Amino acid sequence: FFSSDIRLVESVPDPWDSTSNPILKNGQVILASSLFAEKLLKPTYRLNAWKGERVHVQVVMKSEVAKEKNEFSLEISPLVNENGDEIAASNISVKQITSVLTDEYRSGCGYRPDSSAFYVSAVTDPLILVRYPIVTADSLAYFGISIQVPRDAQPGIYQAAVNTSNSVKLDLELSVTTRILPPPSEWSFDLDLWQHPAAIARVHNLPLWSTSHYEKMRPYYEQLAAAGQKNITTSIVHEPWGHQTFDDFPSLVRWIKKTDGSWSYDFSRFDEYVAFVMSCGINKRINCYSMIPWKMMVRYFDESTQRDTSIATEINTPAYVETWKPMLEAFTNHLKQKDWFNITSIAMDERPMPAMKTAIALLKSIDPSWKIALAGDYHPEIENEIFDYCVASRWSLDSTILHHRKDEKRPTTFYTCCTEAFPNGFTFSPPAEHVVLGCFAQAKGFTGYLRWAYNSWTRDPLHDSRYTAWPAGDTYQVYPGPSSSIRFEKLVEGIQDFEKIRILREEWSTTNQQDKLIQLKQLLDKIEIAQLEKQSAQSLIGESKMRLLELQ
């Protein structure tokens, strides 16, 4: 399921066309773990899972040529094992896999004013809850079956019937082991996908920060919490990233300059938003962007003129200190009153080291206990000052530093963005590349992964993932609905693999099973990004996953 390194592309001949491929005839249905791989197409398919794990399988249905319109439906019975133990239907979801427009990597970062200069195709990615999709004659319909194995499920081989609207019955088998995966709230993996609340308000046509806006945000944030998200993304200035997204990124803090020239701050929106996100299950850390925004400006309300205005706050200028020092003093006291200070970091994104030194010095002068987060290049000169350090995937950090940071419980993660051709999470990226990320983190000693946008949607995200800047899909990983995606589910799969490897390594270390530890290290040593230049992500990760299954 979702494991092919090739996506369904409109501009190439349909490989399932009955005139060229005899496997799928009119109206035929198959279970598949990989598109475009004949040997994996079968009427019975077996999955392997730990208790507590989420696994998937794909169903492909071909419409009849004679019918102008074909209505499909798909139902799956509860899973039952040989002892009569059952995994209820409530743990099983069926969604249609639809397509979205994408482009190509080519130039990586940078604005793309002429979209015609880039190859355009349609790729399968959104997972949409559509019970009876209509498909035109002689075409394909794709469905994803997701199974959340209960943590208290009994081990054994479970079976279920997959019934289709054209009376085809398929058999699904699920082999559940005795091993248990902890709930996402207890995963050690540091996932940090940046949230964008204003984008949700826009696509659902709701007033920003209204009650209906918060109600609509909840399932998006709960979906992210179920992936093990640790950080709450907050903005303490207007547009910390300099208007680079389709939707605005307003500040959660209202800066007010009084008529006498003094400052005051309204933190009520910040408090409301943070408390809401925590109620959705994301409650480990709060990252505040940013003391060094991409455009060195601070917007505030001027009481003397009764309007919003801005002040330039270039680093290493008196204006920077005069503007930021009183705010940080007030913010520090406020966070301590809320009992949030110890889980809050002032966060910076790809800022140069001289600017970081200035910000660190000012912040530490307010309170030496302030935590700092940085996503960017690795600077050994300031490493000791950074609590939450995220470096680009091209960086290779010394194992001594990684172990030291881990012992001090300081997150050390890596990120990908428009710079990295692979592995990545663009809409045209091979889905298996997202699985690679979790295993790469384990192999290199990182504690997790960061990506700049969970839901910074384009104008029409369900149909066109291209943007004026950066490769398609770079700005979001899930779709309005909320609807998950192939990319997001594969990312979760990689995180689950990270946790499984951690659990096995701890067990084998405790029981002194050195042979298994050596074999595990050999598997992880093969997870190198450079290897993807000559080997597909599916091949690279698939081999390791099979060997890991055998070792268990």
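The paragraphs below walk through the fold, the sheets, the cysteines and the aromatic rings of a predicted model.

Residues are numbered from 1 along each chain as its sequence is written, and side-chain values use heavy atoms, with hydrogens and water left out.

**Overall fold.** The protein has 10 helices and 25 strands; these are DSSP runs, with helices being H or I of at least four residues and strands E of at least two, numbered from the N terminus. Of its 552 residues, 56% are buried, where buried means under 20% relative accessible area, exposed over 50%, and partly exposed in between, with a 1.4 Å probe and protein chains only. The accessible surface is about 22800 Å², and carbon and sulfur atoms account for 50% of that area; accessible areas come from the Shrake-Rupley method with a 1.4 Å probe, and for residues only the protein chains shown count as cover. Taking contacts (heavy atoms within 4.5 Å) between residues at least 6 apart in sequence, 71% join residues at least 24 apart.

Strands of a sheet pair through backbone hydrogen bonds, either parallel or antiparallel. Here, two strands are taken to pair if DSSP finds at least two bridges between them.

**The four-stranded sheet.** Another open sheet has four strands in the order S17-S16-S19-S20, with mixed pairing. Strand S17 (263-266) and strand S20 (307-312) are the edge strands, each pairing on one side only, and the twist in this sheet averages 40 degrees from one strand to the next. S19 and S20 are antiparallel and share six bridges, with Asp302 standing opposite Arg307 in S20. Helix H4 (residues 318-338) lies across strand S16 (254-257), S17, S19 and S20, and runs at about 50 degrees to S17.

Ile292 sits in the loop between strand S18 (285-289) and strand S19 (297-302). Ile292 is buried, at 4% relative accessible area, and its contacts beyond four places in sequence include Ile315, Tyr320, Met348 and Arg351.

**Cysteines.** The structure holds one disulfide, a disulfide being a pair of cysteine sulfur atoms within 2.5 Å. Cys109 is joined to Cys418 with an S to S distance of 2.0 Å, and the link is right-handed, with 95 degrees about the S-S bond. Cys109 lies in the loop between strand S8 (92-102) and strand S9 (121-128), and Cys418 in the loop between strand S24 (412-415) and helix H7 (432-444), so the bond ties together parts 309 residues apart in sequence. Cys109 is partly exposed at 36%, whereas Cys418 is buried at 7%. Cys417 is in no disulfide, and its nearest cysteine sulfur, that of Cys418, is 4.5 Å away. Cys417 is buried too, at 11% relative accessibility.

**Aromatic rings.** Rings of Phe, Tyr and Trp (its six-membered ring) pair if their centres lie within 6.5 Å, and planes under 30 degrees apart count as stacked, over 60 as edge-to-face and the rest as tilted. This gives 36 aromatic pairs. The rings of Tyr111 and Trp470 are tilted, because their planes stand at 40 degrees, with centres 6.2 Å apart. Tyr111 lies between S8 and S9, and Trp470 in the loop between S25 and helix H8 (486-510), 359 residues apart. Tyr111 is exposed at 59%, while Trp470 is buried at 11%. Tyr265 and Phe267 form a stacked pair, with planes at 20 degrees and centres 6.2 Å apart. Ring pairs also link a cluster whose members include Trp255, Trp263, Tyr265, Phe267 and Tyr320.

Note on methods: This is a predicted model: local features need pLDDT of at least 70, side-chain atom pairs count only at pLDDT 80 or more; totals for chains, interfaces and linings use all residues. Axes are lines fitted to C-alpha atoms, for helices over the stretch in contact, and angles run from 0 to 180 degrees between N-to-C directions.
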